[in-house]
Amino acid sequence: MIDQTVDNFSLPATGGRTFTLSACLGSPVVLYFYPKDSTPGCTTEAQQFRDLHPQFVKAGALVVGVSRDSIKSHENFKAKQELPFDLLSDNEELLCARFAVIKMKSMYGKQVRGIERSTFVIDGQGVLRRAWRGVKVAGHAQEVLDFIAQL
């Protein structure tokens with residue numbers, strides 16, 4: 001998948017918008033998948049992308065979060081955390097499937113299907129340049145920003 005063009009996609013986004021990848025040509029896109037709005041790890045990750053957002057903007061990059069939560073849930077999460085970027089709702093798991101981020105995870109001793117925390121960088125020509133899977137939150141947003149700076 002690395003160094004291959006990512007097929008165009010559209011998903012509902014916060015702010016009543018629709019996010020379409022092809023509309024972002026010319027700018028790198030940071031697509032980060034996270035399990036669930038307002039959970040501890042996801043909140044910390046969103047805050048780190050929020051706090052570094054001015055540097056992503058300066059580098060010309062768009063940051064977009066993706067989970068299976070509803071737009072209503074995303075709007076609440078975005079407002080509460082003052083996120084300056086859009087969150088996409090992939091409740092049908094179409095984009096999750098395309099990026100193969102749905103995994104069986106163990107939660108309280110039970111096996112459940114969920115999103116494996118993953119981040120993808122798509123360059124301004126629509127080519128996938130980097131993938132991080134099984135992301136550990138601490139320092140991750142900075143690592144992504146450092147990669148963007150090298151594009």
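Biologist: Which residues line the second largest pocket?

Modeller: The model is predicted, so local features require pLDDT of at least 70 and side-chain atom pairs pLDDT 80 or more, whereas totals for chains, interfaces and linings use all residues. Numbering runs from 1 along each chain as its sequence is written, and side-chain values use heavy atoms, without hydrogens or water.

The lining of the second largest pocket consists of F19, C24, H53, V57, G60, A61, L62, V63, V64, F85 and D86. A pocket here is an open set of points on a 1 Å grid over the protein atoms alone, where a 1.4 Å probe fits, with protein on both sides within 12 Å along at least five of seven lines; lining residues have an atom within 4 Å of a point. The volume of this pocket is about 150 Å³, counted as the space filled by probe spheres set on the points.

Helix α1 and strand β4 (62–67) each give two or more residues to this lining, and β4 supplies the largest share, three residues. Helices (H or I, at least four residues) and strands (E, at least two) are DSSP runs numbered from the N terminus. By class, the lining has eight nonpolar, two polar and one charged residues; Asp, Glu, Lys and Arg count as charged, Ala, Val, Leu, Ile, Met, Phe, Trp, Tyr, Cys and Pro as nonpolar, and the others as polar.

Helix α1 (residues 40–58) also packs with α4 (residues 140–150): their axes come within 8 Å and cross at roughly 30 degrees. The two helices are therefore roughly parallel (an angle under 35 degrees). In the contact (heavy atoms within 4.5 Å), α1 contributes E45, Q48, F49, L52, Q55 and F56, and α4 contributes H140, A141, Q142, V144, L145 and I148. Seven of these residues are nonpolar, four polar and one charged.

As a point of reference, the largest pocket holds about 290 Å³ of space. Its lining has 13 residues, with P35, K36, T39, K105 and M107 nearest the centre. Strand β7 gives the most to that lining, four residues. The lining of the largest pocket comprises six nonpolar, two polar and five charged residues.

Key. Axes fitted to C-alpha atoms, helices over the stretch in contact; angles between N-to-C directions. Parallel < 35°, antiparallel > 145°, perpendicular 65-115°, else oblique.
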